[in-house]
Amino acid sequence: MESRYNPAEIEEKWQKTWAEQGLDQTPTDNNKPKFYALSMFPYPSGNLHMGHVRNYTITDAIARVHRMQGYRVLHPMGWDAFGLPAENAAIKNKTHPAKWTDNNIAQMRSELKRLGLSYDWNCELATCSPDYYKWTQWIFLQFLHAGLAYQREAAVNWDPIDQTVLANEQVDSEGRSWRSGAIVEKKKLRQWFLKITDYAEELLNDLDKLTGWPERVKLMQANWIGKSVGAYLEFPIVGLDEKIGVFTTRPDTVYGVTYVVLAPEHPLTPKVTTPEQKEAVETFIKEVANQSELERTAEDKPKRGIPTGGKAINPFTGEEIPIWIADYVLYEYGTGAVMGVPAHDTRDFKFAKEKQLPIKVVIVSSEEDANSELKEAYTEPGIMINSSSFNGMNSIQGKTAIIEYAEKQDFGKARIQYRLRDWLISRQRYWGAPIPVIHCPKCGIVPVPTQDLPVILPENIELSGRGASPLAQLESWVNVPCPSCGTPAKRETDTMDTFIDSSWYYLRFCDAKNEGKVFDSAKTNDWMPVDQYVGGIEHAILHLLYSRFFTKVLRDRGLLNFDEPFQRLLTQGMVQGLTYTNPNKSGNAKYIPSALINPKEPKDPETGEPLEVSYQTMSKSKYNGVAPANVINKYGADTARMFILFKAPPEKDLEWDEADVEGQFRFLNRVWRLVADFANNQSSAKINKSKIQNPKSKIEKDLRRAIHTAIKEITDDLEGEYQLNTAISELMKLSNAIHDAPCKDSPIYAEGIETLILLLAPFSPHIAEELWQTIGNTPSVHQQTWPKHDESALVVDEITLVIQINGKTRGTIQVPTTTDKETLEKYARESEAAQRYTEGKEIKKAIVVPGKLVNFVVG
């Protein structure tokens, strides 16, 4: 065997061999328990980054361990390939998005293969491929047939110069278009929505079933769904036969309502506005229209509003109260109106003080506080006052009493409301799955017949980033006969949000090549749910929530027999790089490329100013990234994998350090030399089961204990929380124990070498395969059974007893573990150390601590 470790040579060799053998193909027999290991599939941006490498290496180690533990494993990979970046790149590079995407997929596929990831490439899919988006369109029609897809008007970002719709990402922090620089306006268009709100309660309740998910992810989803229990109340409008509906979680404060606030875009706003206020209100509405939702609702921004001149009636008091409009009320949320209770709501208190609106106290902590001056809103429970027949009632009980009264008087009713809104899926872009409906002047909305799917994206389009949706401009594609009545009709020109594509891909992987169905339910129900899902925390809400929604809808359509798609979720931490910043510069200019820096004395090469040095998440804009290809070229894929897995626990952020990468390279070199020396001298060291189970010498017993301790600890680390970093630490301990053991010809030494290779295999698959074959073993190390520890090997039958004289350690001896106190003292007195240090002296006392030491007190 060669004494030099050459990763480039062996990695290329084994990747080719494994592909030829079909080593990673998904088993078709159902005799073994299943394990579905899945990484969130990537957007094909062109190159892998270290975040990808971390995600995929974690999942791969988990998949490989489970194969060796006797599971049939599904471990697929695909591409989340539709989306705006491809369209923008196509405009910039004057190429077709499909070509740009295909080139990027080819590049990233080759990079993934260099990492030695055990994917079944026969399952590969790309969401931009017609044989995938055919079924995305079919699923949309399932939602349509179930009454879960509908159209209504909704606001979009509108570029008035380019006359086009912009995605949120195309609007800069100043509210300007990324291309034209124009101030972006809000414009209403008819858009498609999915009724995720119909599943809000189940999505919330079923979070309790997700025992394998991080608590913080479940909390983020619960907050996003945002269940509120309260009341819907109506305030009649003076002079109109209409009412303003509000939702409140504090019906107990209704007697303290001194004004109501409408969203500026509320349909009632122009109706309640008086002629005197018309101009001011219209000006205010235009100003607010240019603000983002985030700007309007930011806690730290002052709340702006003006009176409409209109009045409403508080039905509980009969009093007339003013109707205002304000930027912090959004029509899309709740009812688009709120009741103002300044005495008992912090925001309302501040608003009322600024606008000099009346403040009426209706809840106090005690009746003695009823006449105290209010310096801030009182928001706690208390006793109701100034509330007619409810005076003196506890406010918590008052909530129920007020709702019951409102229902009797027809003022309102109990209601549960969710923060979650229906999912707007329309995109006025080209590079996405076309929405498969036709608009007929006679029949209305007509689904494209199943036999006509997929609705193919036309290739003869012109992408400019200006004007209407590219599809809307292609009349030959838009104009079609109605499939129901034959009347000239028009295709829907919106494409679907790319989150649609990623909301069901995990189901297709189970039956990826099925041309006749979205998937065979028997196959998908067999493999699902995903046993281990791995991805970034940035997907904690939308992607995971949408996937859960899709699973429940397809279950209700009779296609699936489970409630949740992902059994366990691991959100891996970020990969951080050394970052140099000049605090005196702003924007991206403050980041300085490390190639221009002397690390011993970091200064701005332009200004000479000292730089701040920190670890920050790797990104192109910060010039702190490390290209995976460069690391693989220098050290090999196995070293890159070992560093990624060893440096930090999977869920924690990882700081990239070249010295630590070199440390892992040195470790693999040590393992290589250890096995090479064994292979070159293994004439007598064969594994003999009877001999390894009954080691005679202490050296053999200690080595066997180290071997089986490693098996136990690493197996434990690979279950539950997947502490891959500590598993690799145990590998290093085992390697050291084998290296230090002098019994090179012992069958136990041979057991140690084999065990080390087997335990190394999930982490560093190439070197493990090479070493396994080198010591004469077949078939592949990845087809071997994961070792199980022998409990008897862990038993310590001898201990080291410390000999002390007057509290000072003078030596040690080996004694049987079960030795009693009397015998321990006897062994200690007879020891060479005790004889030497007590010669000619009187032993006044012997202190025996069983299992640890004997201390002789001498005169």
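The chain exposes about 39200 Å² of surface, and carbon and sulfur atoms supply 48% of that area. Those accessible areas come from the Shrake-Rupley method with a 1.4 Å probe, and for residues only the protein chains shown count as cover. Before I go on, a word on the source: this is a predicted model, where local features need pLDDT of at least 70 and side-chain atom pairs count only at pLDDT 80 or more, while totals for chains, interfaces and linings use all residues. Residues are numbered from 1 along each chain as its sequence is written, and side-chain values use heavy atoms, with hydrogens and water left out.

Now the overall picture. The C-alpha trace spans about 115 × 80 × 65 Å along its principal axes. Of the 859 residues, 52% are buried, where buried means under 20% relative accessible area, exposed means over 50%, and partly exposed is in between, using a 1.4 Å probe and protein chains only. As for contacts (heavy atoms within 4.5 Å), take those between residues at least 6 apart in sequence: 71% of them join residues at least 24 apart.

Let's look inside. Rolling a probe the size of a water molecule over the atoms shows where empty space is left. For us, a cavity is a set of points on a 1 Å grid over the protein atoms alone where a 1.4 Å probe fits but cannot get out, and lining residues have an atom within 4 Å of a point. Grid points are joined across faces, edges and corners, and a volume is the space filled by probe spheres set on the points.

The largest cavity holds about 100 Å³ of space. It is lined by 18 residues, and the closest to its centre are Glu87, Arg429, Gly465, Arg466 and Pro470. Helix 3, residues 84-93, gives the most to this lining, with four residues. By class, the lining of the largest cavity has five nonpolar, nine polar and four charged residues. Here Ala, Val, Leu, Ile, Met, Phe, Trp, Tyr, Cys and Pro count as nonpolar, Asp, Glu, Lys and Arg as charged, and the others, Gly among them, as polar.

The second largest cavity has a volume of about 50 Å³. Which residues line the second largest cavity? They are Leu48, Glu111, Arg114, Leu115, Pro628, Ala629 and Ile632.

On to the rings. A search of the whole structure finds 35 aromatic pairs. Rings of Phe, Tyr and Trp (its six-membered ring) pair if their centres lie within 6.5 Å; planes under 30 degrees apart count as stacked, over 60 as edge-to-face and the rest as tilted. Phe549 and Phe550 have ring centres 6.2 Å apart and planes at 80°, so this pair is edge-to-face. Both Phe549 and Phe550 are buried. They also belong to one aromatic cluster with Phe143, Tyr199, Trp423, Phe499 and Tyr546.

For Phe678 and Tyr749, the centres are 6.1 Å apart and the planes are at 40°, so the pair is tilted. This pair links distant parts of the chain, 71 residues apart, with Phe678 in helix 20 (residues 658-680) and Tyr749 in helix 24 (residues 747-760). Phe678 is buried at 6% relative accessible area, and Tyr749 is buried at 4%.

Last, some backbone details. Most residues other than glycine have a negative phi, and most peptide bonds are trans. Here, a cis peptide bond joins Leu453 and Pro454, with omega about 0°; Pro454 sits in the loop between strand 20 (444-447) and helix 13 (475-478). The bond from Met528 to Pro529 is also cis, with omega near -5°, and Pro529 lies in the loop between helix 16 (521-527) and strand 24 (532-536).

Asn386 has a positive phi, near 50°, and is partly exposed at 43% relative accessibility. Asp410 has a positive phi near 65°, lies in the loop between helix 12 and strand 16 (412-418), and is exposed at 58%.

Notes. 1 Å grid on protein atoms, 1.4 Å probe; cavity = no way out; pocket = protein on both sides within 12 Å on 5 of 7 lines; lining within 4 Å. Helix = DSSP H or I, 4+ residues; strand = E, 2+ residues; numbered from the N terminus.
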